[in-house]
Amino acid sequence: MTTCTDAVTRLTGRPVTAERPLSGALAEVTLNDGRVVVVKRADDPGATRAEAAGLRWLAGAGTVRVPAVHGHDGNWLVVDRVTEGRPSRQAAVRFGRDLAALHAAGAPAFGAPPPGGPADAYIGLAPMRNEPGTDWPGWYAEHRVLPYLRRAVDQGTVRPGEATDVERLCERLPELSGPAEPPARLHGDLWNGNVLWAADGDVRLIDPAAHGGHRETDLAMLRLFGCPHLEQVLDGYRQQAPLAEGWADRVGVHQLFPLLVHAVLFGRSYAEQALAVARGALTR
């Protein structure tokens with residue numbers, strides 16, 4: 001079996017002088033030139049390929065900063081270590097502007113994977129299919145909401161009778177989704193844990209589930225799990241790219257996808273939140 005040290009040496013061309021485990025699948029490794037990198041192990045080869053392709057696609061926009069990829073193979077990914085600092089209002093405004101510019105960099109289609117990335121990717125530990133589509137409401141229902149709803153029902157996390165509320169929302173998405181927008185270049189899993197406030201004063205984004213999507217989905221996920229100085233982030237975003245009228249009323253529609261993913265992974269409490277969001281959106 002390949003060890004972390006062996007993988008890092010092979011992928012970076014540098015011997016390892018120290019290794020510090022951060023979790024079962026994550027380690028911090030020091031190379032012989034003094035650089036410190038983070039190493040992630042994955043069981044599914046598609047996961048490392050998807051993450052590496054996503055990081056490079058986000059970096060290619062030249063907007064929000066991400067850790068550089070130093071190498072990957074079927075089971076290992078090596079990226080820059082980010083030295084963390086403290087959130088600040090100034091960094092939040094800058095992050096908002098950069099996030100708007102990232103979204104504006106665009107994607108070939110809703111659901112388009114990053115160049116070189118697999119169609120069968122992941123969001124966190126959950127499989128996520130990147131299947132391109134041209135119509136956001138239909139694509140969002142078919143490829144982002146309903147697959148996880150079905151899994152939640154199969155698991156017993158959502159009861160069959162409750163699923164009808166989400167299905168009704170999917171049917172009404174064309175009227176609830178607001179003005180049509182072009183596909184945005186999304187981070188795709190933009191909860192607070194994937195937003196690192198670096199010591200140099202800039203934000204870094206990690207662990208993307210990158211794909212072409214609706215820009216309001218990234219913003220809705222930031223709000224779902226909390227983000228320091230979120231109002232300043234939104235102020236910076238709107239300075240760069242105003243949001244469509246009624247965007248705040250659509251937050252729940254965009255939160256439905258991550259909530260159902262969490263219901264599949266973590267259970268009933270997230271299912272209840274997803275159902276409440278769907279019912280709330282249906283009353284608007």
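## Basis of the description

This is a predicted model, in which local features need pLDDT of at least 70 and side-chain atom pairs count only at pLDDT 80 or more, whereas totals for chains, interfaces and linings use all residues. Residues are numbered from 1 along each chain as its sequence is written, and side-chain values use heavy atoms, with hydrogens and water left out.

## Overall form

The chain has nine helices and 11 strands; these are DSSP runs numbered from the N terminus, helices (H or I) having at least four residues and strands (E) at least two. Its radius of gyration is 19 Å, close to the 19 Å that the globule rule gives for 284 residues, so the chain is as compact as a globular protein of that length. The radius is taken over C-alpha atoms, and the rule is 2.2 Å times the number of residues to the power 0.38.

## Nonpolar cores

A nonpolar core is a set of buried Ala, Val, Leu, Ile, Met, Phe, Trp, Tyr and Cys residues joined through side-chain atoms within 4.5 Å. The largest has 38 residues, and those with the most contacts inside it include Ile-123, Tyr-148 and Leu-256. At least two residues of this core come from each of strand E7 (126-129) and helices H4 (136-155), H5 (160-176), H6 (215-224), H8 (251-266) and H9 (268-282). Helix H4 gives the most, with nine residues. Another core, of 35 residues, lies apart from it, with Ala-92, Val-203, Leu-219 and Leu-222 among its members.

Beyond its neighbours within four places in sequence, Leu-256 is in contact (heavy atoms within 4.5 Å) with residues including Tyr-140, Val-166 and Ala-278.

## Helix H7

Helix H7 (residues 230-240) has as its buried residues Leu-230, Gln-232, Val-233, Leu-234, Gly-236 and Tyr-237. Their cover includes helices H3 (89-104) and H6.

Gln-240 is also found in H7 and counts as partly exposed because its relative accessibility is 45%. Neighbours within four places aside, Gln-240 is in contact with Arg-97, Ala-100 and Ala-101.

Note on methods. Buried means under 20% relative accessible area, exposed over 50%, partly exposed in between (1.4 Å probe, protein chains only).
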